[in-house]
Structures are given as structure tokens and as C-alpha cells.
Amino acid sequence: MQLTEAEASFQAIVDPYAKADFFLSAGPDGVEVEEGYITFTSLPKNLLLKVGKMRAQFGKVNTLHTHQMPTVDRPLVTENLVGGEEGLSDAGMSLSYLLHNPVIFVEATGEVYTGDSDVFQSNERSKLNYVGRLRAYRDITESSNIDVGTSFAFGPTDVGLDETTPGEGIEAPVLDKRLFGIDATFRYRPLRRAIYQRLNLRTELIWSRQELPADLHANSFGMYALGEYQFARRWYFGARYDRSARTLDDTLTDTGGSLFLTFWPTEFSQIRGQYRYTSYAEGITGNEFLFQFNFSIGAHGAHIF
Amino acid sequence: MKPMKKLFIPFFAIALAMSYAPPGRTATAALRVVATTEDLGSLANEVGGDRVTVVSLAKGYQDPHQVDPKPSFILEISRADLLIAVGRELEIGWLPALQASSRNAKIQVGGPGFLDASQNVRILEIPTGQITRAMGDVHPQGNPHYWLDPANGRRIAQAIRDRLTQLAPADKAYFDQRYADFDKRLAAAEQRWDATMAPYKGAQIVTYHRSWPNFMERFGLQVMGYVEPKPGIPAPPAHIIDLIGEMKRSGARLIIVEPYWSLKTPQSIASQTGGQVLVLAPSVGGVKEATDYIKLFDYDVSQLASALKQTSGK
């Protein structure tokens, strides 16, 4: 048992034009700024600018903090292709544009990061990491909605460093990586019974193209599909299917599945159990039970949507 | 890269096509008002008349604490000239996220198009001393269900009149006249409601959540207990047993429930106390009869008086 993470969040209005959000997380590896950014809320032309360290707008799971996840862990595809727990999280700028119209919510986001995350890394300042996302959302009824998005990320990596650096003083080659993702979420929450019932169905499909030394490439695909159903005021049940190739070797594909149950004593704490089955490409299988206890103190934060 | 490009281009094209909207719908001089609840929306309609278009975000039959910050709401407030909020942290779980994403400078906190309707009203249950979560989801700035006192409804309408006048000074006389008309109709309705409720002054009742202090104070009723032990905390069996005992001792037989709670626990309590469960509308739109602010009280007062008549025999 371990204290995986303690997160402190500070959110405040800076002035009439900006809002600041800081999330400090303390874990076994020490204290770090998980996210810390300023949002300029009053730009013209339907623009919204964020500057600072943040989780990139790549798909859905990458934007979620650990305690916001519906499961104890992150999907296999996140672990294999998108940096795992830390994910695509870096210092940079994010500019998003809202396409004004009365019919559907469409938001286009462009981001640039320094290239210092668990997904992209480079010692060269000119080698940056770029992320783009297009998101469309529409209410189907007052109780149900559909949310779809596509994301793209491009940047340098230093994977394969060990294999390609035979001696001191030889600079490792910078190898590009591209990620492309599609995500879709369906939500159902009847307004009259919003306290007791909800259903979320979500899938993310991610393609990774990793440059390798000697002009080789690994084209890896991974995905997950997750369903979560609230069947009583304090109880949620869900299941997830996982499948993902490895970043550096697209011939190795891991698969798995999870069942999870969450109990919310109050809206400020939750107890979660998860059974996880994983079949690794090497032929090893894993059967694990994971437990998690989450709680929040202090001011009531905004719900995640 | 080819499979990625193949997928990306049609997806982008579909999303752009979906974003197309026929022109012409936005060409109107009316102020766009977005209210977080149907109560505030109704009051904005009363004062603004045909000089405003009003959209309400939360429905009257949903728990206003439990609203999802849906992107469709961002679309609504991105074009708003005026955003009216209940305040007192009722919307703290969802409105700040919507405002931050709205790209609308006018409706940010402190902006000319943001109105916190709670600024000049009478607020009850403002906690004193240290507030902790051991007290449940207590609102540190007082009970936010203040619109359920018609005197507060009048004060909210005044604040809306003043803000609409600031935003559209040319329509001042119109807003003044609309407010005066509403004030007159509300005063007449209050006399009617007072007369209906007069026989039941001092009656003891139980409510599910602390949604009704302003309403009960206005009509002289006593809330002797709550189905929830503390705000937002589900009731453990020990609390229900205590509540049943207290109801039997005090003679309270009526349990008021908002439309978004399950009736299972209240009905179980009622069956053991010989009481009655009554679903009242905490907001405009909470039941189909409560189509505006005055009709909300018409409905609640008549339902409550009729239930009290049955349970008290008066």
C-alpha cells in the first residue's frame, strides 16, 4: 500500500482578464507541479490562451488527473504509447478557438510544448512538441450527449538512446514520434435522477509512428473501450477492454481487460476496487486486484466533464 | 503516416461541416440573457419582456448542485450579454468552468454582463465559527436557496432591472414599467398566499434537503428535521430512526421532497409515522404547473396548504 499521490489545487481569478490554476502533486518521487497555468479568458475572436505547465489536449485520458480517472490505473494504450501516468504533460502554450454557431460546439486547439515530457524529449531547443485537437460536442437530448475528438501530436524523442550511444561524447540521434488519436464519448444522465444514475461509454483509438535508428519505423496501434454505469447513489460499476502494441516494437501487442467498482461514501471520498487481467505479448499473463482510496478536502472544486 | 492522414482529413471535414449554421438567427437587437436557473430566467423574462431573449441552463427539476458543465452551455454563454447566477457557491461545481471557457469577457466575474443575484437579498443560515466538511456540504456564504421567499424574488427582479438598464439605457422606461407591473402582481399574489397559509402558522414539517428555509420562514412554518443528516450526506439508518422518533414526539407528519430525490426513504419514514410525502417544486419548471415565478408559489402554496389540511385536520 502506498500514498500514490496527494494533490493540492489552487484556482483563482487573477484579474478581469485571467484565471490561474495550480495543481501540486506529492508522491513517492517527491513534490512537483503537475499543472500550473494561467488562462486568458478575455481574448478577442473567440480565442482562449493558456500558458504554463499543463496536460496536453491529446484525447481524453491524457487531460485527466489521477483522481479524476474512473479506474485505479490508466489504459494499456496510455502506458504503452502516451507516457503512462505522467503522460503528455509539459510547459508550453495552448491556443484554442471556438467556432461560434448555435448548432454544435466545435473547438480547435493548437499547442506547442518545450519537448520535455514522458512522451517527447529533446535537448535541442529548436525541437518542439506540437499538439492539435479538434473537438465536437452535441446534446442528443437534455440527458444524453455525444462528444468526439481527434488529436495529433508530433515531436522529438530520445528513445533508443541506450542502443545508439555506444560511448561517451557521442550525441544520441533525435528520433521523431507522431501520435494520432480519435476519441468518442457517449454520456447519459437523466436530469431528474442525476444523483442516482448515469452511464458513460468511451473509446480512444491511438496510432503511434516512432522513428527508429537505421531509418526504421514502428507503427503501433492501441485502443481502449470503457463503460461505467452508476446504479445507485453511491455505487458505480464499470468494465474496460485494452489492446496496445508497444511504441518501439509494433509486432508486440498486449491485451487486457478490467472490471471495477467504486463506492462513494459522500461526494468527497471514494473507495475503488479493480480486477485487471493483462496478456503480455511475451506470453505472460497478469491477474491483479487494485485498490484505491480517494478523498478531497477544502473548497468544492469544479466537476470534470 | 498514410492511415493517419486518411482518417484525419475526413474527420476534420465532417467536424467543419457539422459546425455550419444557417445565417440570420443572430440578427436581433434583444439582449441575450443566460440564467443559471429557471427561477432567475423567469424573473429576467418578467423584467426584460421582449427586449431580452432568455436561456436557462439548469432545469427546475434537476438538482442545481449537480449540473454538468456541458459544452453546449459554453455555446450559450459565449454569446450572452448578461449572465445571471444564483451565487453563494450554489453553482461552484460547474459555472466557473463554463465562464473560463466562454471566450466572453463581458460575463466574467466583475464584468458588466455578470450579475450575482444574491448580492441584495436576505440570506439565511450563514455559518459562524469554523466550517468543516464534518458539517457536510455546507455553503460558507449562507443558504443559496434564497429565491424561495417572494420578497427576495422582488429584490432579484430589482437587481435585474438595474443591470438591464445599465446595459440598454434607452430601454429604462420599459424595464421600469415591466418591473412595476411584476411588483404589483407579486404583491397581490403574496396576499393570496398569506391568506392560504395563515391557518398553518407554526406547523412542524420535515424536508429532505435544506432547500426551504426562506420559504418556511416567509410562511411561518417550522422545519423540525431533515431526511439528510447533513447537507449532501446520504442518510444512515441511525439518523432515520432518530428522525422517526422525533417526528412521532413532535407530531410532524409532512415530509417535503424536491423532485430530484428518490421517494423511497421519505415514504418509508412516512409509513412509520403515519405521515405524508409531498413533492414540491423548488424552482420554476420543477413541476409542469410552475411555469413562472408567481406560478411556482401558486403551486407550492396550494399543494402545501392542502397537505397540511389533511395531516393537521385544520
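Author: Glu125(B) sits in the loop between β4 (114–116) and α5 of chain B. Helices (H or I, at least four residues) and strands (E, at least two) are DSSP runs, numbered from the N terminus. This is a predicted model: local features need pLDDT of at least 70, side-chain atom pairs count only at pLDDT 80 or more, and totals for chains, interfaces and linings use all residues. Residues are numbered from 1 along each chain as its sequence is written, chains are lettered from A and ligands numbered from 1 in the order written, and side-chain values use heavy atoms, with hydrogens and water left out.

What is the phi of Glu125(B)? Phi is positive, about 55°, although Glu125(B) is not a glycine. Most residues other than glycine have a negative phi. Glu125(B) is partly exposed, with a relative accessible area of 35%. Here buried means under 20%, exposed over 50%, and partly exposed in between (1.4 Å probe, protein chains only).

Glu89(B) is also a non-glycine with a positive phi, near 65°. Its loop runs between β3 (82–85) and α4 (95–101) of chain B. Glu89(B) is partly exposed, at 27%.

Now follow α5. Helix α2 (residues 38–48) of chain B packs against helix α5 (residues 150–167) of chain B at about 55°, with the axes 9 Å apart. Axes are lines fitted to C-alpha atoms, for helices over the stretch in contact, and angles run from 0 to 180 degrees between N-to-C directions. α2(B) and α5(B) are therefore oblique to each other. The classes are roughly parallel under 35 degrees, roughly antiparallel over 145, roughly perpendicular from 65 to 115, and oblique for the rest. The crossing of α2(B) past α5(B) is right-handed. That label applies if the near helix is turned clockwise from the far one by less than a right angle; anticlockwise is left-handed.

Which residues meet? On the α2(B) side they include Leu40(B), Leu43(B) and Val47(B). On the α5(B) side they include Ile156(B), Ile160(B) and Arg161(B). Contact means heavy atoms within 4.5 Å.

Arg161(B) also lies over the face of Tyr179(B), at 4.6 Å from the ring centre. The rule asks for NZ of Lys or CZ of Arg within 6 Å of the ring centre and within 35 degrees of the ring normal. Arg218(B) lies over the face of Phe219(B), at 5.2 Å. Phe219(B) belongs to an aromatic cluster; Trp193(B), Trp212(B) and Tyr293(B) are among its other members.

Rings of Phe, Tyr and Trp (its six-membered ring) pair if their centres lie within 6.5 Å; planes under 30 degrees apart count as stacked, over 60 as edge-to-face and the rest as tilted. By this rule there are 17 aromatic pairs over all chains. One of them joins Trp235(A) and Phe263(A): 4.6 Å centre to centre, 40° between the planes, tilted. Trp235(A) lies in strand β12 (residues 235–245) of chain A and Phe263(A) in strand β13 (residues 253–266) of chain A, so the pair ties together parts 28 residues apart in sequence. Trp235(A) is partly exposed at 33%, and Phe263(A) is partly exposed at 22%.
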